[in-house]
Amino acid sequence: MHLFSKIYRPALAPLLAALVLAGCATAPAVDPVAIAAAPAAFKENPATNPAQWVQSAPAEARDRGTWWRVFNDPTLDALIERASQQNTSIAEAASRLRQAQALVKNSEADRSVQLGLGAGAQRQAGANTTNGSTPAKLFTAEAQLSYEVDLFGRLAKATDAASLDAQASAALLQSTRLLVQANVAQTYLALRATDAERALVRETVAAYRDTLNLTQRRFNAGDVAEFDVARVTTEVASTESDALALDRQRATLEHALAVLVGDSASQFSLDNLDNAEWRATLPTIPAGVPATVLTRRPDVAAAQSSLLAAQARVGVAQAAWFPSVSLTAAGGFASPDIGDVFKWSARAWGIGALLSLPILDGGRREAGVQSASAQLDGATAAYRGQVLTAFQEVEDQLASLRLLAQQTQAQDQAVESATRATRLSDARYRNGYISQLDLLDARRSELRNRRQALGVRSAQYQSTVVLIRALGGGWDAGMKTGAETGTGAVAVAQTNTR
């Protein structure tokens, strides 16, 4: 007994120390809720009662739903369907997901039994051969089997990290898809708003031309001076310039849509919308409570999965301090004559176990732990930053929609007054009661207020799309339109999530 202790105790000391450390060294636990706790309610939506809302379970790879259908625009529906199938950013994100899934399979393979076949031929001589300095041949055919015993969970933690990375990639795919869909909706709605503004400006050009014709007849009759003709001509040319600027803006938006739907800008066209009235519904989006944002937004889910993967990799780095145990077995045939290789008398086999524990590595393992810990700190900060950004985006759009609804009411009143002023000015000018300058001022005021009204309406659509994206998308029901609620503000209603 004394002899056994004297011989084996020094050899077992590193293993025993590692086993003791294995029970103590674990990856630091992280709690995403503690890192970034959600407030009870949105500041810009104080009327929300948390009891009215249903919290959805985390589902980072869940489809975000056909939320764009709430705008009731078939052209928009078709464009987003095309983008979902052909957009290059979505294709890139899908390929990254497949890569991550392949890495999971690769990590799982490290935990499985490895089996291989081998055959070889060699000719050698020397002290390690039975014939001494006489060259000898040896032919072998064998099967090798190996298995690494995961005593300290290193392989399991590596698989967990790879699986979490795959979950993050799945969430980023959905985030990319949601972003592309939102970009298509925003670009299309901006194009439709530009079309409406172009129609308004060209209608005003026609009105100015009518005034110019009337002024030209009066000038020919000697009733007005040439200065009046020049002034109206200036208004016609200036307004036509505005219309051409809008034509340029529309062309740029159309080209951007082409890229988003995966088409060539040279082949893509939406010219058939020029004469179609813009009747897209302005929906009202139930914002819910902030906690639902953390479960619905795919980018937040991706950040959380990356955080947990970083935690798992700390455990992998710590496990490098512990010994690894591998079991091996080989069986086959070996013979100096190739014709006798597969004879029963030439059979050979062997089994073995290997315990490996690095003692001195120049600080490599300690550096690995420090690197993994630093990555965990970075992932923690990134997750918290993503959550804070999510809340900011929702608050921004809630405030925008609330204020835009009030601005719409004020702007509608301004348009109504300006339209009436123009109508009265035109009648008085034709009867000779006011000067041409008064009529032009009235028309300029009406055009300016109508364009501002279109700008506010377009901003409402843009903010609505951004709010849907900020909330994580995914509604197919539970949304009310502005016509149903009587306003463009955010309504409070129960969410229905997919």
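Predicted model: local features only at pLDDT ≥ 70, side-chain atom pairs only at ≥ 80, totals over all residues.
1. Let's start with the loop between helix 2 (32-35) and helix 3 (74-86), where Asn-72 is found. Helices here are DSSP runs of H or I with at least four residues, strands are E runs of at least two, and both are numbered from the N terminus. Phi of Asn-72 is near 55°, a positive value in a residue other than glycine. Thr-66 lies in that loop between helix 2 and helix 3 too. With a relative accessible area of 26%, Thr-66 is partly exposed (buried is under 20%, exposed over 50%, partly exposed in between, with a 1.4 Å probe and protein chains only).

2. Residues are numbered from 1 along each chain as its sequence is written, and side-chain values use heavy atoms, leaving out hydrogens and water.

3. Now the overall picture. The chain has 11 helices and 8 strands, and 41% of its 498 residues are buried. Of the contacts with a separation of 6 or more, 82% come from residues 24 or more positions apart; contact means heavy atoms within 4.5 Å.

4. On to a helix pair. The axes of helix 5 (residues 154-221) and helix 10 (residues 436-470) come within 9 Å and cross at roughly 170°. That makes helix 5 roughly antiparallel to helix 10 (under 35 degrees is roughly parallel, over 145 roughly antiparallel, 65 to 115 roughly perpendicular, and the rest oblique). The axes are lines fitted to C-alpha atoms, for helices over the stretch in contact, with angles from 0 to 180 degrees between N-to-C directions. By class, this contact of helix 5 with helix 10 has 19 nonpolar, 7 polar and 6 charged residues. Nonpolar covers Ala, Val, Leu, Ile, Met, Phe, Trp, Tyr, Cys and Pro; charged covers Asp, Glu, Lys and Arg; the others, Gly among them, are polar.

5. From first C-alpha to last, its 35 residues reach 50 Å, close to the 51 Å expected at 1.5 Å a residue (the expected span is 1.5 Å times one less than the number of residues). Just after helix 10, Gly-472 takes a positive phi of about 100°.

6. Leaving aside residues up to four places away in sequence, Glu-235 touches Tyr-208, Leu-440 and Arg-444.

7. Four strands form an open sheet in the order 1-2-4-5, with antiparallel pairing; two strands pair if DSSP finds at least two bridges between them. Strand 1 (114-124) and strand 5 (347-356) stand at the edges with a single partner strand each, so one side of each is left without a neighbour in the sheet. The twist averages 25° from one strand to the next.

8. Strand by strand, 11 bridges join strand 1 to strand 2 (residues 136-149), and Gly-116 stands opposite Gln-144 in strand 2. Another 11 bridges join strand 2 to strand 4 (residues 324-335), where Leu-327 is the bridge partner of Tyr-147. Strand 4 and strand 5 pair over 10 bridges, and Ala-330 has Gly-350 in strand 5 as its bridge partner.
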